[in-house]
Amino acid sequence: MSLVCHAAAVQAQSAPPLAEVDPVVDSLQIISTGHEWTEGPLWVGDQNGYLLFSDVPGNTIHRWDGHSTAVFLRPSGYAGTPIPSTIREGGSNGLALGRGGLLIADSGNRCVSAIDLETRQRTVLVDRYRGRRFNSPNDLLVANNGDIYFTDPPYGLAGVVDSPLRELTFTGVFRITPDNQVHLITDALFPNGIALSPDQRTLYATDRTGWIAIELDAQSQAARRSVLVASSSVGGGGDGMKTDASGNLWCSGPGGVHVFSRLGHPIGHIRVAGRTSNCAFGADGYIYITNAQQVVRGKISERFARIARTAGQ
């Protein structure tokens, strides 16, 4: 599918009838379409801010300003031409704000990078653990103390687990301290999405078995690990996720976005046709969902907001 990325790109339009919705949101609308595979949605600013999102195989970060979509950064990952056949996903994936700018899980360059929001200048923060290159960083977040947590599956490499480029023998969840020291949280998962509880004590990672809760000790190391929600309970595995202010998890998965309480109880479901990869909360009261070749959004209902606050207590 060709990539649509001009300044006067797609205006918001009604979602197709297949995008069935429950009371979590009042309705869904498509705000940007014509991409290859959207990921990493991130709201920047106040209610008048904007949305950034990755097109991973398209090697581009896009910016949606409330009216239209334009290119924010290209290439967002691997800068060579053509991208080698050994690289399956050459662009950025997960996005977060931190270090005074934009942080990216750079799948194409197999690193975590920082981007200046004004100049677009790129700085590689880390690309190795104990001298060995990462697989392909996928998703990331920033803790209150400035630590960066990220996942490192091999999805960005052609051949995935069988890629000859792999230098690590495991797929890990890592922590980067403010002085760019890398610490392994766990090597026992095949991780994808990542989130952190509001009290900063529980790290969540998407694994093939489901959504995993990792309790962190005072040194931000894994104290214990448990399955919070089994993938079999929703009919399959998930991808990215976010936590809200009450500690509930909003997880992409089969059939859309599943909302679980901090205890793992299902409390809501946004039904979205097609595959979803991640979601983000906008300061404008909408949830933004990366949905295969497009991005959709829905206004979170007041009724569900009350349910979510209660469930998180």
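Predicted model: local features only at pLDDT ≥ 70, side-chain atom pairs only at ≥ 80, totals over all residues.
Let me begin with a term: a residue is called buried under 20% relative accessible area, exposed over 50%, and partly exposed in between, with a 1.4 Å probe and only the protein chains taken into account. By that rule Arg-130 is exposed, because its relative accessible area is 74%.

Residues are numbered from 1 along each chain as its sequence is written, and side-chain values use heavy atoms, with hydrogens and water left out.

Now the overall picture. The protein has one helix and 27 strands, where helices (H or I, at least four residues) and strands (E, at least two) are DSSP runs numbered from the N terminus. Its radius of gyration is 18 Å, close to the 20 Å that the globule rule gives for 313 residues, so the protein is as compact as a globular protein of that length; the radius is taken over C-alpha atoms, and the rule is 2.2 Å times the number of residues to the power 0.38. Along the principal axes, the C-alpha atoms fill a box of roughly 50 × 45 × 35 Å. Of the 313 residues, 55% are buried.

Let me turn to the pockets. A pocket, on a 1 Å grid over the protein atoms alone, is an open set of points where a 1.4 Å probe fits, with protein on both sides within 12 Å along at least five of seven lines, and lining residues have an atom within 4 Å of a point. The largest pocket has a volume of about 550 Å³, and of the 25 residues that line it, the closest to its centre are Leu-141, Val-142, Leu-196, Lys-242 and Thr-243. Among the elements that give two or more residues to this lining are strand 13 (140-142), strand 17 and strand 21 (241-243). By class, the lining of the largest pocket holds 18 nonpolar, four polar and three charged residues.

The second largest pocket contains about 460 Å³ of space, and the closest to its centre, of 20 lining residues, are Trp-37, Tyr-155, Asn-192, Asp-239 and Arg-275. The lining of this second pocket has four nonpolar, nine polar and seven charged residues.

Which loop holds Asn-192? Asn-192 sits in the loop between strand 16 (182-186) and strand 17 (194-196), and counts as buried because its relative accessibility is 10%. Leaving aside residues up to four places away in sequence, Asn-192 touches Asn-138, Asp-139, Thr-151, Tyr-155, Thr-206, Gly-238 and Asp-239, a contact being heavy atoms within 4.5 Å.

Finally, some points about the backbone. Arg-74 and Pro-75 are joined by a cis peptide bond with omega about 0°, and the bond from Thr-81 to Pro-82 is also cis, with omega near -5°. Pro-75 is in the loop between strand 6 (69-73) and strand 7, and Pro-82 lies in the loop between strand 6 and strand 7. To return to Arg-130, this residue is not a glycine, yet has a positive phi of about 55°, and its place is the loop between strand 11 (128-129) and strand 12 (132-133). Val-160, in the loop between strand 14 (148-152) and strand 15 (172-176), likewise has a positive phi, near 55°.

Note on methods:
Points joined across faces, edges and corners; volume = space filled by probe spheres on them. Nonpolar A, V, L, I, M, F, W, Y, C, P; charged D, E, K, R; others polar.
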